[in-house]
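Hi,

Here is the structure I said I would pass on. Have a look at it first, and my notes follow below.

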Amino acid sequence: MNIVLFGAPGAGKGTQSALIVEKLGMVQISTGDLFRAAIKNKTELGKQAQAFMDKGELVPDSVTIQMVDEVLVNLKSKSFILDGFPRTQAQAEGLGKILKQRGLEIGKAIFLEVPKEELLGRLTGRRVCKACGAVYHVQTKPAKVDGVCDNCGGEVVQRNDDKVDVIATRLKTYEDNTLPLRSYYKEQGKYVELNGAQDSDKVFSALKTVVQGG
Ligand SMILES: [Zn+2]
């Protein structure tokens with residue numbers, strides 16, 4: 001079954017995507033990765049995307065969807081998980097069209113749900129080493145000496161991106177953006193909500209049940 005996985009920042013989407021790829025052998029289609037690869041390899045679509053980005057404009061849906069389509073051609077009947085796409089209802093509809101042309105479809109759109117307070121705790125507790133980039137967390141993975149990196153002795157700080165106001169805004173944006181997508185996939189009978197606040201192995205086990213059609 002092909003799926004789209006949604007989750008707020010900090011909901012564990014990255015961890016779960018990686019597990020799905022590793023344990024279920026599915027192909028991860030991440031539009032962020034597609035963009036980076038296309039631009040690096042200077043493909044035709046990469047050049048088009050770059051031109052929009054150079055002008056400070058958003059890459060149009062048509063370009064993104066063609067990039068996804070190029071991956072679909074090479075799937076060889078493997079199931080896929082979409083990550084970071086679609087972000088709007090228009091993209092979801094465009095995606096539906098190209099999938100249909102290839103005789104494919106999204107089986108389920110899975111939303112990892114984590115209460116906002118928990119997300120704030122997870123995200124605002126992050127600390128990063130300024131020198132080597134090692135990541136710590138004040139509750140779950142503190143540095144042995146407060147403010148000092150275990151690896152390199154560098155200074156461990158909170159990035160501005162991880163401060164509470166910035167995080168709260170990101171979470172609000174995620175909620176606003178996903179609202180129409182929730183309705184869209186509900187109408188199609190493909191909507192699934194999973195409790196993302198559990199241990200990650202429990203989340204994965206629930207995901208696996210959905211993906212395997214249980
Ligand atoms: Zn360090």
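How many residues does α4 have, and how far does α4 reach from its first C-alpha to its last? The count is 13 residues and the reach is 18 Å, close to the 18 Å expected at 1.5 Å a residue. Before I go on: this is a predicted model, so please read everything here with that in mind.

**The sheet**

I'd begin with the open sheet, which has 5 strands in the order β2-β3-β1-β4-β8, paired in parallel. The edges belong to β2 (27–30) and β8 (191–195); each has a single partner strand, so one side of each lacks a neighbour in the sheet. On average, neighbouring strands here are turned by 25° against each other, if you ignore direction.

If you want one to click on, take alanine 109, whose bridge partner in β8 is tyrosine 191.

Now for the helices on the sheet. Helix α1 (residues 13–24) lies across β1 (3–7), β2, β3 (80–83) and β4, and runs at about 155° to β1. Helix α2 (residues 31–40) packs on the sheet too, where it touches β2 and β3, and its direction makes about 75° with that of β2.

**α2 against α3**

For α2 and helix α3 (residues 44–54), the angle is about 100° and the axes are 8 Å apart. That makes α2 roughly perpendicular to α3. On the α2 side the contact is made by Phe35, Ala38 and Ile39, and on the α3 side by Gly46, Ala49, Gln50 and Met53.

The loop between α2 and α3 holds lysine 42. Lysine 42 is not a glycine, yet it has a positive phi of about 50°. This lysine 42 is exposed, with a relative accessible area of 60%.

**α4 and what it packs on**

Back to α4: its buried residues are Val63, Thr64, Ile65, Met67, Val68, Asp69 and Leu72. They pack against β2, α2, α3, β3 and α5.

Threonine 64 is worth a look of its own. Its relative accessible area is 5%, and it counts as buried because the cut-off is under 20%. Leaving out residues up to four places away in sequence, threonine 64 touches Thr31, Phe35, Val59 and Phe85. Phe35 also belongs to the α2 side of the contact with α3.

Serine 77 is another residue other than glycine with a positive phi, near 65°. At 77% relative accessibility, serine 77 counts as exposed.

Is aspartate 83 buried or exposed? With 14% relative accessibility, aspartate 83 counts as buried. Aspartate 83 sits in strand β3. Its contacts, apart from neighbours within four places in sequence, are Lys13, Ser17, Gln28, Ile29, Ser30 and Thr31.

Proline 86 is in the loop between β3 and α5. Check the backbone there: the peptide bond from phenylalanine 85 to proline 86 is cis, with omega near -5°.

**α5**

Helix α5 (residues 89–101) also gets a length check: 13 residues, and 19 Å from first C-alpha to last, close to the 18 Å expected at 1.5 Å a residue. Which of its residues are buried? They are Gln91, Ala92, Gly94, Leu95, Ile98 and Leu99. Looking down the axis of α5, the buried residues fall within an arc of 165°, so they line one face of the helix.

Glycine 103 follows α5 and has a positive phi, near 70°.

That's what I have for now.

Cheers

Methods. Residues numbered from 1 in each chain as written. Predicted model: local features only at pLDDT ≥ 70, side-chain atom pairs only at ≥ 80, totals over all residues. Heavy atoms only, no water. Pairing = 2+ DSSP bridges. Helix = DSSP H or I, 4+ residues; strand = E, 2+ residues; numbered from the N terminus. Axes fitted to C-alpha atoms, helices over the stretch in contact; angles between N-to-C directions. Contact = heavy atoms within 4.5 Å. Expected span 1.5 Å × (residues − 1). Buried < 20%, exposed > 50% of the residue type's maximum accessible area, 1.4 Å probe, protein only. Arc of directions from axis to C-beta. Parallel < 35°, antiparallel > 145°, perpendicular 65-115°, else oblique.
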